[in-house]
Amino acid sequence: MQIISTDKEYTYDVFMDDFFRLMGEYNILESGTAGYSVLGKRIPFIRFGRGCRKILLTGAHHGKEWITAMLNMALIEALCRMYGEGKRFGETDMIEFFNTRSIYFIPMVNPDGVNLCIRGLTEDIPTFTQSRLIGMNAGSREFVGLWQSNIRGVDLNHNYDALFEKGRAMEFAAGVYGPGKGRYSGEYPESEPETQAVVGLTKEINPDIVIAYHSQGEEIYYNFNGKCARGAVNIAQTLARATGYKLIEADGLTDCSGYKDWVIEHFNIPAYTIEVGKGENPLPLSQFDKIYSDNLKAVLCL
């Protein structure tokens with residue numbers, strides 16, 4: 001019986017229900033807490049594998065990209081099932097894969113933003129925060145399907161310490177002057193608790209490879225500020241073959257203060273932003289099966 005819900009919008013409550021069911025079903029998994037959101041929602045991480053090669057995957061930095069949280073969870077369940085059945089997947093021996101790799105997942109980096117995008121203004125959001133959100137949203141109470149940032153109006157994937165000031169200057173040039181539904185990078189790097197959670201766990205793990213899942217475009221970004229780590233291009237090409245996605249060199253706002261950028265800058269390891277699916281965010285669930293199939297192949301190549 002499939003545990004992960006793939007037939008409905010992936011709110012924080014659905015995610016946490018799946019999280020507890022997954023941890024209860026598979027004792028090979030380990031979990032912990034990376035941190036907490038602005039509104040105090042737990043940001044769990046999950047570990048699959050016991051090996052020395054450490055890989056960290058993240059999802060849902062952006063509220064309206066919640067399908068990437070679902071993807072992370074579905075990948076974890078698939079890995080557990082294949083390991084439990086002793087299956088091979090193409091050339092991948094799952095027993096060897098488990099024993100040589102430790103894959104860490106932070107499926108939902110931005111739980112407050114996800115819920116705001118899916119459910120809109122709800123009673124669990126403090127009245128003062130609701131008023132601030134409406135102000136950020138040009139006086140509108142309509143948030144469903146629109147919100148990318150966290151609950152304070154900061155775009156978490158522009159809140160990392162990697163060419164932060166350059167990114168701020170480009171935001172100003174583009175007319176982004178303060179908190180809102182997307183693109184605002186915050187007052188300073190790592191100003192947000194969600195960003196701090198990801199940074200803290202990344203430093204603790206000290207991974208060999210990082211993937212940040214986003215949507216949309218079916219593209220893979222692999223460099224930062226014209227550079228990437230040794231071996232990063234070869235891994236990017238492997239990921240591109242597995243997914244069928246295009247390799248893209250980042251520039252402009254896509255090349256500033258993102259998680260992938262920070263990892264390359266501070267760890268000098270292969271790090272990627274993978275944009276799944278095509279169309280407008282939030283992507284329809286009708287795309288999920290293809291997104292899942294493409295990216296399961298990719299993870300098994302790492």
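Arg183 is partly exposed in this predicted model, with a relative accessible area of 36%. You'll find Arg183 in the loop between helix 6 (164–173) and helix 7 (193–205). What makes the backbone there worth a look is phi: for Arg183 the angle is near 85 degrees, a positive value in a residue other than glycine.

Glu218 is another case of this kind, with phi near 50 degrees, again positive and again in a residue other than glycine. So is Glu218 buried or exposed? At 16% relative accessibility, Glu218 counts as buried, because the cut-off for buried is under 20% relative accessible area. As for where Glu218 goes in the fold, its place is the loop between strand 7 and strand 8.

Which residues does the cis peptide bond with omega of about -5 degrees join? Those are Asn281 and Pro282. Pro282 belongs to the loop between strand 10 (271–276) and helix 10 (288–299).

Here are the backbone angles side by side:

| Residue or bond | Angle |
|---|---|
| Arg183 | phi near 85 degrees |
| Glu218 | phi near 50 degrees |
| Asn281 to Pro282, cis | omega about -5 degrees |

Key: Residues numbered from 1 in each chain as written. Predicted model: local features only at pLDDT ≥ 70, side-chain atom pairs only at ≥ 80, totals over all residues. Heavy atoms only, no water. Helix = DSSP H or I, 4+ residues; strand = E, 2+ residues; numbered from the N terminus. Buried < 20%, exposed > 50% of the residue type's maximum accessible area, 1.4 Å probe, protein only.
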